[in-house]
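Here's a quick tour of one model, taking in some ring contacts and then the sheet. Have a look at it first.

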Amino acid sequence: MSLFRCPVCAAPLTREESAYRCGAGHNFDISKEGYTYLLPPNQKHSAAPGDDKGMAAARRDFLSKEYYRPLLNTLSSHILALSGDSPDILDAGCGEGYYTAGIYQALVDAGKTPRMAGIDISKFILRYAAKRAKNVEFAVASCYHLPLADQSVDILLNCFSPLAIDEIWRVLRPGGHFLYVVPAANHLWELKQVLYDNPYPNEEKETPYEGFTYDAILPVEDTITLPSQADIHALFQMTPYYWKTPKAGSERLAALHELTTRISFRVHVFTKKV
C-alpha cells in the first residue's frame with residue numbers, strides 16, 4: 001500500500017505498474033520518470049507552480065556535486081537515530097530529491113526498511129527526484145494539503161519549504177518527529193557580499209509550535225569553493241536572490257570564475273506530543 005491517499009476522496013491508494021488507484025475508482029497516472037500528480041485543480045494557483053525548468057536544473061546540477069553534503073550527513077545521522085526498523089518518512093517539499101535519496105540510502109545501509117515519499121509543487125523538479133530515487137514515491141502536491149492519511153508517518157522533513165504546521169501535526173503519528181531546515185544568519189554570506197552593496201544576515205528565531213516539544217537545534221557549518229562560473233550560476237539560480245538582485249550585483253557575480261562562501265544551516269527538531 002502507498003503512503004499516499006486519494007486527493008479526491010481521501011481513500012488509500014494502491015500503486016500499480018502505471019497508475020495509483022483507490023477503491024472508489026479514482027486513477028492517477030505514473031509518469032515515465034516515476035512520479036504521479038496528486039494536486040487538485042483548486043490547489044493549483046498557476047499553470048506551472050513551483051520551480052521552473054531552469055531552477056530545477058540548477059538545483060540538480062549544484063546538489064549533485066555534493067556542495068551541501070554536510071547538511072545531508074547531519075540529516076541522515078539524526079533521522080537514523082530517531083527511526084525504528086521500518087519507518088514511514090515524508091519529505092515535504094523534496095525538490096529534486098537530493099536529501100530524500102541520501103536519507104533513504106543511509107537508512108537502507110543501516111539495515112532498516114524505510115517506506116518513504118516525497119512531495120513538491122513543481123512537476124519539473126520531481127522529474128529529477130523520481131529518477132534519483134527509484135524506491136521512493138514522489139507526487140506533485142501541496143505542503144498545505146498533504147495527500148497522506150492522519151497519523152501516517154513517523155518522521156517528516158521540511159527543507160527550505162513552506163511551513164504548514166497544522167498539516168505536519170495531522171500526518172505525524174504521536175511521538176513522531178519533524179525536522180525543519182532553515183538557512184542560518186551567515187548562510188552564503190560571501191555570495192551576498194558580491195550581489196549586494198549592503199547585505200544583511202538572515203533572521204534566526206526559535207518558534208515553538210503547539211502540540212510539539214522543541215527538542216534541539218542542530219547547527220551545520222562549512223565553507224565551499226565553487227571552481228567555475230557554471231557552478232556559481234547554478235547556486236545563484238537556486239536561491240531567492242536570483243529574482244531580486246539588482247543588475248549590477250548579477251553582473252559582478254557573472255564576472256567571477258571562482259567563489260568561496262560559507263554555508264550555514266539550522267535543523268530545528270520537534271516531536272509531536274503523545
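Over the ring of which tyrosine does the charged end of lysine 192 sit? That's tyrosine 200, with the ring centre 5.8 Å away. For a charge to sit over a ring, NZ of Lys or CZ of Arg must be within 6 Å of the ring centre and within 35 degrees of the ring normal.

| Charged end | Ring | Distance to ring centre |
|---|---|---|
| lysine 192 | tyrosine 200 | 5.8 Å |
| lysine 272 | tryptophan 169 | 4.0 Å |

A word on the ground rules: this is a predicted model, where local features need pLDDT of at least 70, side-chain atom pairs count only at pLDDT 80 or more, and totals for chains, interfaces and linings use all residues. Residues are numbered from 1 along each chain as its sequence is written, and side-chain values use heavy atoms, leaving out hydrogens and water.

Rings of Phe, Tyr and Trp (its six-membered ring) pair if their centres lie within 6.5 Å; planes under 30 degrees apart are stacked, over 60 edge-to-face, the rest tilted. That gives 15 aromatic pairs. Phenylalanine 236 and tyrosine 242 make an edge-to-face one, at 5.3 Å between centres and 75 degrees between planes. Elsewhere, ring pairs tie Phe178, Tyr180, Tyr209, Phe212, Tyr214 and Phe270 into a cluster.

Pairing takes at least two DSSP bridges between strands; β5 (residues 88–92) and β6 (residues 115–120) run parallel over five bridges. Leucine 90 faces alanine 117 in β6.

How values were computed: Helices (H or I, at least four residues) and strands (E, at least two) are DSSP runs, numbered from the N terminus.
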